[in-house]
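The following exercises concern the structure displayed below.

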Amino acid sequence: MQAVPQDKSRAGRIPENEVQLLFTSKPENVGFARTAVALVASQRDLTVDQLDEIKVAVSEAVSNAVIHGYRDTSGMIQVDVKLYEDELEVVVTDKGTGIEDIEWAMQPTNTTDKSRMGLGLSVIKEFMDDLTITSRPGAGTRVYMAKKLAPASRP
Amino acid sequence: MIRRRKEDERVHVAAELVGNTLVIRLQGELDMHTVEEFKHEAERYLMDKRVKNLVLVLSKTSLIDSSGVGAILGRYRTIKERGGTMIAVGLRPVVKRILKLSGVLNVVETAESERRALARL
Ligand SMILES: Nc1ncnc2c1ncn2[C@@H]1O[C@H](COP(=O)(O)OP(=O)(O)OP(=O)(O)O)[C@@H](O)[C@H]1O
Ligand SMILES: [Mg+2]
């Protein structure tokens, strides 16, 4: 067996649409990232609430990369968006500090920054159908999230 | 030449003092970037020690993430110290869910309209 990140990424399946974003870890870019992902998602017939949920989840993952991943430094953040017939996949990757204990970080209210609330990852869990984090201290973090979509209606 | 608003100006904060109640109308998206503008404006008005209550009008707020929640709770603490009440108005469903999930709605009241919120204070 291998130690490659195991999430429900659909090896072999071809997405209907695929977009990659690569940007500097600036707070201004958080809004850019969630708007871009929502634009891809809105190629499907989604409710306003579903789009809001996707936007918030992307906002949390990208903010974490800026705040915790790169802390006082700066680096690149990559967002990979894949739109499948029945699912939207978003992967946010940074090459920052990494997470020592992922289990711990996922628990609500757990944070390494006392000025924060430890809310972001719980929000992603709440708003998306799948969340898988892989990380190596000193190397970076990969946050995989997915949301089930009703299959596109065909005329 | 046509001058455009700055592209990253995703939030607009309007504040008004009604008696000892501060009314803040927030338009746009509240995240780690735009939260600075919200904090700045709120703090500017909260310097006035007569301010006891806060009505936060969110009917035109399309998104709040955990950074936004943090900023809202920060203002709540100031209001609580002064023995005042904070009321949030016009929450859209996903905004309401994040405020509930974070426990904000355990301490901050909600109202359907600004008028009703002010009537309660
Ligand atoms: N990309 C990342 N790089 C490094 N550490 C991370 C990353 N994402 C999350 N973490 C760690 O996981 C913890 C929990 O993250 P979470 O988003 O739940 O809360 P928070 O960011 O601390 O607070 P909030 O989201 O409420 O502002 C963080 O405090 C941080 O230690
Ligand atoms: Mg966070």
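**Exercise 1. The interface between the chains**

Between them, chain B and chain A bury about 2,000 Å², with 61% of this area on carbon and sulfur atoms. The model is a predicted one.

Task: State which three residues of chain B supply 30% of the area that chain B buries against chain A, and how many residues each chain brings to the contact.

Solution. 
Step 1. Met32(B), Val94(B) and Arg97(B) supply that 30%, more than any other three residues.
Step 2. In the contact, chain A takes part with 26 residues and chain B with 22 residues.

**Exercise 2. Charged and polar pairs across the interface**

Task: Determine how many salt bridges the rule finds across the interface of chain B and chain A, and describe the side of chain B that touches chain A by residue class.

Solution. 
Step 1. Side chains of opposite charge can pair when their charged atoms come close.
Step 2. Across the interface of chain B and chain A, five salt bridges are found. A salt bridge joins the side chains of Asp31(B) and Arg34(A), with an N to O distance of 2.9 Å.
Step 3. On chain B, strand E3 (53-64), helix H2 (66-81) and helix H3 (93-101) each supply at least two residues of the side that touches chain A.
Step 4. By class, this side of chain B comprises nine nonpolar, six polar and seven charged residues.

**Exercise 3. Strand pairing in chain B**

Solution. 
Step 1. E1(B) and E2(B) form a hairpin with two residues between them, and Gly19(B) in the turn has a positive phi of about 65°.
Step 2. Strand E2 (residues 21-30) of chain B is mostly covered, as eight of its 10 residues are buried.

**Exercise 4. Salt bridges and their surroundings**

Task: State how many salt bridges the rule counts over all chains, and decide whether Lys147(A) and Glu53(A) are buried or exposed.

Solution. 
Step 1. Over all chains, the count comes to 17 salt bridges.
Step 2. Lys147(A) and Glu53(A) meet through their side chains in a salt bridge of 2.6 Å, N to O. Because Lys147(A) lies in strand E5 (residues 140-148) of chain A and Glu53(A) in helix H2 (residues 48-69) of chain A, the pair ties together parts that are 94 residues apart in sequence.
Step 3. Lys147(A) is buried, and Glu53(A) is buried as well.
Step 4. Asp113(A) and Arg116(A) also form a side-chain salt bridge, at 3.8 Å, N to O. Asp113(A) has 23% relative accessibility and therefore counts as partly exposed; Arg116(A), at 29% relative accessibility, counts as partly exposed too.
Step 5. In chain B, Asp48(B) forms a salt bridge with Arg50(B), their closest N and O atoms being 2.7 Å apart. Asp48(B) is partly exposed at 22% relative accessibility, whereas Arg50(B) is exposed, with a relative accessible area of 60%.
Step 6. Arg34(A), Arg10(B), Glu29(B) and Asp31(B) are joined into one network by salt bridges that share partners.

Notes: Residues numbered from 1 in each chain as written. Chains lettered and ligands numbered in written order. Predicted model: local features only at pLDDT ≥ 70, side-chain atom pairs only at ≥ 80, totals over all residues. Heavy atoms only, no water. Contact = heavy atoms within 4.5 Å. Buried area = accessible area lost by both parts, 1.4 Å probe. Salt bridge = Lys/Arg side-chain N within 4 Å of Asp/Glu carboxyl O. Helix = DSSP H or I, 4+ residues; strand = E, 2+ residues; numbered from the N terminus. Nonpolar A, V, L, I, M, F, W, Y, C, P; charged D, E, K, R; others polar. Buried < 20%, exposed > 50% of the residue type's maximum accessible area, 1.4 Å probe, protein only. Pairing = 2+ DSSP bridges.
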